[in-house]
Amino acid sequence: MLCNDAILLVHAYLDNELDAGGSVQLVRHLAGCPACASSLECHAKVKELLRRATPQYRLPDAARARVLAALPFSIPPPAPLQAFPRRLPMHRWRALPAALTATVLLLVGGGLGVTLQRHTTAAQVLMTDVLSNHLRSLQPKHLTDVATSSQHTVKPWFDGKLDFSPRVRDLDVDGFVLVGGRLDMLNGQRVAAIVYRRQLHAINLFQWPGSASDSAPTSVDAGDGYTITHWTQGGMNYWAVSNLERRQMDAFAAAFRKAAPLSAPVAR
Amino acid sequence: MRSLLSAAESARSLRFEQQVLPHLDAAHGLARWLTRAEHDAEDVLQEAMLRAYRYYDGCSDGNARAWLLTIVRNTFYTLHKQAAASLQDEFDETIHGAVDDAPTPEAQLLRDADAGQLRQAIEKLPLEFREVLVLREFEECSYKEIAEITGLKLGTVMSRLARARDRLARHLCTDAQGEHHHALQ
């Protein structure tokens, strides 16, 4: 392999765009070419710098308002916190479970089918609300009630506002920057929304006390590029949502779970 | 008939709000990096969002973000014709190869730049390198998406990215006195 080709593969490798065959070829070349190996090291460091320092520009709130105001339709104002969340019609992904339940109803009939339908619908409604709350939070000045990158400020802020103490973790090292917290409503109850950012993508992590048994994270494609990830840990329900790719949401869930202190002593 | 039309229009507005508006920050980011000035970025963003709304048909292929970024880039080149004229011909690169003549600096020479220094270094890059770098690093586009957005061949995207990063690395180097090299660009 020529160095000119290897250098392109170095970048593809750093960008996770290189297939297995390419990786094998690249590794073989790097073993015998100190110049390309050094180039890989340099560019990995630049990427790390970019990830850590995030030299991005934020859209100023005033400019956002002007741009939105110029569009030929008006965006409804954010619903007040006390009200039950506005539900966006998501007919597309509600239709599938409905069709499935209809089939189940036909097959088993009677009481069992009805239970199943109620169950599916509750989960779907919750997911719709998670996404709808996320979209609403992205409107100007609505993302955080308390804006800070310190977990020691976010956590006490919730004192007296909730009947539980939400868990806030510092995930900086994993590339998820804590930006603040917010009170929100889900399932008809007050929940904590902890807000993180990765690059320009906001992640809302909703949490409230729930099931005592732990469950591993499961991610669902919620359409239009949104991913919803759900897990339970230490008696807390977690629902995370953002327009990050699924594997990044999996990484987020893994980082948060890893950062959490163990709720029970480790069995030996 | 009229109410039918307005019902269709408001359904379209709602889809636009759900599919396209969440990518407003991404659109602004690209406009900001291309124009290098907040005021110009807002003009580009404004015009791009109006165009997006006009041409919006439900984004049948589903990738609303790449679609919007394409509009932002096209709008930028329409409003900044001079910038467009300065673009290097894609054809050139296939002759000149993937890399600049100067070697990539060693990792130890890179200084620990903060966000402001990184911004400066990136803004010094020529437009054709800056746009692919920004699309990859900040908009987190795949190579395929970058090719779609810029209308470049995949190979050209890769070679421009390589050269953009080489130059960026050199901008971020320190010499013995702790000053940066300005030898290139």
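Predicted model: local features only at pLDDT ≥ 70, side-chain atom pairs only at ≥ 80, totals over all residues.
**Confidence, before any selection**

Colour the complex by pLDDT. The predictor assigns the complex an ipTM of 0.82 and a pTM of 0.59. Chain A has a mean pLDDT of 78, with 78% of its residues at 70 or more. Within chain A, the lowest confidence falls in helix H5 (residues 91-108), with a mean of 47, and the highest in strand S7(A), at 94. Residues 75-96 of chain A have a pLDDT below 50, and this stretch has 50 contacts in the model beyond near neighbours in sequence. Residues 101-119 of chain A also stay under 50, with nine contacts beyond four places in sequence. For chain B the average pLDDT is 82, and 78% of the residues score at least 70. Residues 175-185 of chain B remain under 50, and the model gives them 16 contacts beyond four places in sequence.

**The sheet of chain A**

Select the strands of chain A. They include an open sheet of seven strands with antiparallel pairing, in the order S1-S2-S3-S4-S7-S6-S5. Its edges are strand S1 (146-147) and strand S5 (215-221), each of which pairs on one side only.

Next, select residues 201-209 and 236-242 of chain A, which are strands S4 and S7; six bridges link them in the antiparallel sense.

S5(A) and S6(A) run antiparallel and are joined by five bridges. Asp221(A) is placed opposite Thr227(A) of S6(A). The hairpin of these two strands has five residues between them, and Gly223(A) adopts a positive phi near 85 degrees there.

Two packed helices are described by the angle between their axes and the distance between the axes. The next two stops use this description, and both involve helix H4(B).

Select residues 38-55 and 64-79 of chain B, helices H3 and H4, whose axes come within 9 Å and cross at roughly 125 degrees. H3(B) and H4(B) are therefore oblique to each other, and their crossing is right-handed. On the H3(B) side, the residues in contact are Asp43(B), Val44(B), Glu47(B), Ala48(B), Met49(B), Arg51(B), Ala52(B) and Tyr55(B). They meet Trp67(B), Leu68(B), Ile71(B), Val72(B), Asn74(B), Thr75(B), Phe76(B), Thr78(B) and Leu79(B) in H4(B). By class, the residues of this contact are eleven nonpolar, three polar and three charged.

H2(B) and H4(B) pack with their axes 9 Å apart, at an angle of about 30 degrees. The two helices are therefore roughly parallel to each other. H2(B) also passes H4(B) in a right-handed crossing. From H2(B), the contact draws on Ala26(B), Ala27(B), Leu30(B), Ala31(B), Leu34(B) and Thr35(B). From H4(B), the contributing residues are Arg65(B), Leu68(B), Leu69(B), Val72(B), Arg73(B) and Phe76(B). These residues divide into nine nonpolar, one polar and two charged.

**Between the chains**

Display Ile7(A), Leu8(A), His11(A) and Ala12(A) as the H1(A) side of the contact. The contact of H1(A) with H10(B) comprises six nonpolar, two polar and one charged residue.

Definitions and conventions:
Residues numbered from 1 in each chain as written. Chains lettered and ligands numbered in written order. Heavy atoms only, no water. pLDDT = per-residue confidence, 0-100. Contact = heavy atoms within 4.5 Å. Axes fitted to C-alpha atoms, helices over the stretch in contact; angles between N-to-C directions. Helix = DSSP H or I, 4+ residues; strand = E, 2+ residues; numbered from the N terminus. Parallel < 35°, antiparallel > 145°, perpendicular 65-115°, else oblique. Left-handed = near helix turned anticlockwise from the far one by under 90°. Nonpolar A, V, L, I, M, F, W, Y, C, P; charged D, E, K, R; others polar. Pairing = 2+ DSSP bridges.
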